[in-house]
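I open these notes on the strand arrangement of the structure shown below.

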Amino acid sequence: MRIRRAGSADAEELSSLLNEIIRAGGTTALETPLSAAEFADWFIDGEFPLTCNVAEHDQSLVGFQSLSLYGDPPKGVADIATFARMTPRTAGVGTALFPVTRAAAEEFGLEFINATIRADNVSGLGYYAKMGFETYDRLIQVPLQDGTPIDRIKKRFRVDARHHTIPDA
């Protein structure tokens, strides 16, 4: 598996990967499919993304992981998003992506990486725990578009930023 920085040329394939997950439901807070242009804006080259990396396997993009500042997080914090292709499934995508994302977080001088995961997303909660994220908060009964209330678990990863300073906003 090869990890590299995502580019705008990847947006079509990555939006297709993400939209399959959105349509399946049950794991992501995103509920509306994204066009390739919307995907690029949200994850690659818009106002809020810091970095987005892709995992390639057998000449196909099998997953991506991004850091962004969407929603005005506290200084020194960025949000992470991780998605892996559902079919065909490739084991180890998130595990391969995280060291590159963590290194980017260090370069940006981040103190924490935040992950907000649906409480019913057992695999997502397990993945972030495996990567060393610790639970620090819970958003209670956040409604989906159809009104179904689902808690959101907030986890954070402390970035080893001993050799970096957090830049002033």
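For these notes, I take two strands as paired if DSSP finds at least two bridges between them. The model I am reading is predicted.

Entry 1, the sheet. I looked up the strand order and found an open sheet of 7 strands, β1-β2-β3-β4-β5-β7-β6, with mixed pairing. The edges are held by β1 (2–5) and β6; each has a single partner strand, so one side of each lacks a neighbour in the sheet. From one strand to the next, I note a twist that averages 25°.

Entry 2, strand β7. I then turned to β7, residues 149–158, and recorded 7 of its 10 residues as buried, so that the strand is mostly covered under the cut-off of 20% relative accessible area. Its pairing with β5 (residues 112–118) is antiparallel and spans 7 bridges. Within β7, I find Phe157 as the bridge partner of Ile113, and Lys155 opposite Ala115.

The hairpin of β6 and β7 has 5 residues between the strands, and I noted a positive phi near 95° at Gly147.

Helix α1 (residues 11–24) lies across β2 (49–57), β3 (60–68) and β4 (77–84), and I recorded its angle to β3 as about 85°. Helix α4 (residues 122–130) lies across β3, β4, β5 and β7, running at about 160° to β5.

Methods
Residues numbered from 1 in each chain as written. Predicted model: local features only at pLDDT ≥ 70, side-chain atom pairs only at ≥ 80, totals over all residues. Heavy atoms only, no water. Buried < 20%, exposed > 50% of the residue type's maximum accessible area, 1.4 Å probe, protein only. Helix = DSSP H or I, 4+ residues; strand = E, 2+ residues; numbered from the N terminus. Axes fitted to C-alpha atoms, helices over the stretch in contact; angles between N-to-C directions. Contact = heavy atoms within 4.5 Å.
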